[in-house]
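Take a moment to look over the sequence and the model below. We'll start with the sheet, then turn to the helices, the salt bridges and the surface.

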Amino acid sequence: MEPILNAIWNSPSLSTLPGQIQEVILPALVSGTSPALRAIIAAALHRQLGRPLLMVCSDESAAEHLRADLHALTGEEVCILPDRELNLRSADTVSKEGEQARLQLLDKLMNGGAGIVLATVGALQLRTLPPEILKETAF
């Protein structure tokens with residue numbers, strides 16, 4: 001797998017990407033490629049930059065498939081930021097598992113424990129605790 005991850009930077013369209021991200025020139029948009037190639041590019045980018053990577057996926061199904069590919073390529077745990085489930089019943093009967101999973105992942109991110117995170121647009125738009133309050137209340 002190493003030769004593939006290293007060879008990705010020989011492509012003229014991708015060779016400048018790590019530098020541009022490190023210099024905060026741009027977030028990266030990779031489109032028009034197969035899901036497998038997107039996973040390879042993401043794994044190579046994560047490896048090259050040596051820092052956490054956030055990828056926005058079209059839906060949770062795409063995120064699950066990408067998680068499997070990225071785990072196979074990197075050997076690392078790949079986290080998915082869960083979206084809230086639509087609930088048409090009383091809030092008293094709702095399970096809090098989703099909220100707990102979101103908070104655990106946010107805590108992991110703050111403490112440097114999440115290397116690759118996948119999320120949908122909906123999951124990223126949800127309001128959450130400010131980092132200061134999360135730090136104070138985490139145990």
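How many bridges join β1 to β3? The count is 5, and β1 and β3 run parallel. Before going further, note that this is a predicted model, where local features need pLDDT of at least 70 and side-chain atom pairs count only at pLDDT 80 or more, while totals for chains, interfaces and linings use all residues. Residues are numbered from 1 along each chain as its sequence is written, and side-chain values use heavy atoms, with hydrogens and water left out.

(Strands are DSSP runs of E with at least two residues, helices are runs of H or I with at least four, and both are numbered from the N terminus; two strands pair if DSSP finds at least two bridges between them.)

| Residue | Bridge partner in β3 |
|---|---|
| M55 | L118 |
| C79 | V117 |
| L81 | A119 |

What about cover? In β3, 5 of the 5 residues are buried (under 20% relative accessible area, with exposed meaning over 50%, partly exposed in between, using a 1.4 Å probe and protein chains only). That's why β3 is largely enclosed by the rest of the structure. I116, L118 and T120 point one way from β3, while V117 and A119 point the other way.

**A helix across the strands**

**Salt bridges**

The structure holds 2 salt bridges (a side-chain nitrogen of Lys or Arg within 4 Å of a carboxyl oxygen of Asp or Glu). One of them pairs K108 with E77, with the closest N and O atoms 2.9 Å apart. This pair links distant parts of the chain: K108 sits in helix α5 and E77 in the loop between α4 and β2, 31 residues apart. K108 counts as partly exposed, at 28% relative accessibility.

R67 also forms a salt bridge, this time with E64, and the closest N and O atoms there are 3.0 Å apart. Both belong to helix α4 (residues 60–74), and because they are 3 residues apart, about one helical turn separates them. R67 is partly exposed at 29% relative accessibility, and E64 is partly exposed too, at 42%.

**A patch on the surface**

Finally, look at L54, V56, V121 and L124, which form a nonpolar patch on the surface with about 340 Å² of accessible area together. Patch members have over 30% relative accessible area and no salt bridge, with nonpolar side chains (Val, Leu, Ile, Met, Phe, Trp, Tyr) joined within 5 Å and like charges within 9 Å; areas come from the Shrake-Rupley method with a 1.4 Å probe, and for residues only the protein chains shown count as cover. β1 and α6 (121–125) each supply at least two residues of the patch. L124 lies in helix α6 and is partly exposed, with a relative accessible area of 39%.
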